Amino acid sequence: MLQNLFNHKRSLSFEVFPPKKDGDFESAFQVMDALGALSPDFISVTYGAGGSRAGKTVEIASYIQNTLGIDAMAHMTCVGSRQESLQQYAAALKEHNISYVLALRGDRPKDMTDEQFNSRDFAHASDMMRFLKENEALHIAGACYPEKHYESFSLESDLNNLKKKQDAGAEFFISQMFFDNDYYYSFLEKAEKKGITVPICAGIMPITSASQLGTTVTLSGSSIPRALSNLIATYGDNKEDMCKAGIDYAIRQIRDLQENDVNDIHIYAMNKPKTTREIVEAIYR
Ligand code: FAD
């Protein structure tokens, strides 16, 4: 239950994505069943850039909420969507009993012109949050970046903007993935000094193949500590060993966080129940 997060109890949550192909819902539902069996407090469902796959996000989030009985949180982005279509999306979520959204600006699509970018209805996530708070009965969460967002000059200015999200109604934050806990501890300290008082979930991405570095991780802008790059250099060519070593790295990272009183863990589950199960069983044993 999402309530655990607000009651300062340990919380565990997962991020999943909707099926990429049409008609792939049955296998996606099986993945959700397997992840749901791990009893997370909530599961968040990503939103395709520009909202092209918004219906799929609603369908997966609805399955989690209404069939599995687990709190679902639907992501939404405003960079490529007009206010009206975001309101339609909010209405669809509410129709399916989904009351939590992760409100994001989104990344500027490569084919978006300057004119389109500059005339967007909501410039930043906080602008959309304010609108949702005033016009839609939804609970709102936001994203945060322990190593700063890639467009920010400094962590200091990014944290000032994070405070704007809290002031606009964000009830909690989920962090970008990080692989070096020291960045996270330092971020938490600075966020507290800036007046961030809402819970923050630590985003953990298990690296189970070398190719993940070339895609997801590079896009996130997160630093790769030497221990992780060494591990990839050693095991990267062997699929099975790399998978084991990556899971082990994530487990050690979470154990260290828990030893340092970081108790809200959000696993980027990447629709991989087996990997996620191994991590969860190790940390909650
Ligand atoms: P914002 O909060 O608007 O921040 C963007 C930049 O603008 C930052 O540099 C910030 O410092 C600055 N800024 C913010 N507010 C202000 C202000 N008021 N004035 C001036 N500057 C400001 N993307 C997807 O497309 N789909 C997803 O499902 C998705 N899920 C995600 C989940 C998590 C947990 C995270 C961390 C990211 C996710 N993203 C997703 C990626 C996200 O959309 C990008 O990181 C995007 O570039 C920024 O989104 P944001 O909501 O943080 O933007």
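Colleague: Which exposed residues sit on the face of α8 turned away from its buried side?

Modeller: That face carries D182 and K193. Before we go on, remember this is a predicted model: local features need pLDDT of at least 70, side-chain atom pairs count only at pLDDT 80 or more, and totals for chains, interfaces and linings use all residues. Residues are numbered from 1 along each chain as its sequence is written, and side-chain values use heavy atoms, with hydrogens and water left out.

Colleague: What makes a residue count as buried or exposed?

Modeller: Its relative accessible area: under 20% is buried, over 50% is exposed, and in between is partly exposed (1.4 Å probe, protein chains only). N271 has 16%, which is under 20%, so N271 is buried. T275, with 9%, is buried too.

Colleague: Why is α8 called a helix, and how far does it reach?

Modeller: Helices are DSSP runs (H or I, at least four residues), strands are runs of E with at least two, and both are numbered from the N terminus. Helix α8 covers residues 181-193 and has 13 residues. From first C-alpha to last it reaches 19 Å, close to the 18 Å expected at 1.5 Å a residue. That expected span is 1.5 Å times one less than the number of residues.

Colleague: How do you know where the buried residues of α8 point?

Modeller: In α8, N181, Y184, F187 and A191 are buried. Seen down the axis, they fall within an arc of 110°, so they line one face of the helix. The arc is taken from the directions from the helix axis to the C-beta atoms. There's a handy rule here: an α-helix has 3.6 residues a turn, so residues three or four places apart point the same way.

Colleague: And what do those buried residues of α8 pack against?

Modeller: They pack against β5, α7, β6, β7 (200-204) and α11 (239-259). Contact means heavy atoms within 4.5 Å.

Colleague: What about α4: which residues are buried, and where do they lie around the axis?

Modeller: The buried ones are L86, Y89, A90 and L93. They cover an arc of only 100° around the axis, which puts them on the same side of α4. E84, Q88 and E95 are exposed on the other side. Among the elements covering the buried residues are α3 (54-67), β3 (71-77), β4 (100-104) and α6 (125-135).

Colleague: What makes the phi of S39 worth a remark?

Modeller: Most residues other than glycine have a negative phi. S39 is not a glycine, yet its phi is positive, about 55°. You'll find S39 in the loop between α2 (25-36) and β2 (42-45). N271 also has a positive phi, near 55°, and lies in the loop between β8 (264-268) and α12 (273-283). Just after α4, N97 takes a positive phi of about 65°.

Colleague: What makes a space a cavity or a pocket?

Modeller: Picture a 1 Å grid over the protein atoms alone. In a cavity, a 1.4 Å probe fits at the points but cannot get out, while a pocket is an open set with protein on both sides within 12 Å along at least five of seven lines. Lining residues have an atom within 4 Å of a point. Points are joined across faces, edges and corners, and the volume is the space filled by probe spheres set on them.

Colleague: How many cavities of 30 Å³ or more does the search find?

Modeller: One. The largest cavity has a volume of about 40 Å³, and its lining includes P206, T208 and T275. T275 is found in helix α12 and touches P206, T208 and I247, leaving aside residues up to four places away in sequence.

Colleague: Which helix gives the most to the lining of the largest pocket?

Modeller: α7, with eight residues. That pocket holds about 1700 Å³ of space. Of the 50 residues lining it, L104, G106, D107, Y145 and Q176 are the closest to its centre.

Colleague: How does its lining divide by class?

Modeller: It has 23 nonpolar, 16 polar and eleven charged residues. Ala, Val, Leu, Ile, Met, Phe, Trp, Tyr, Cys and Pro count as nonpolar, Asp, Glu, Lys and Arg as charged, and the others, Gly among them, as polar.
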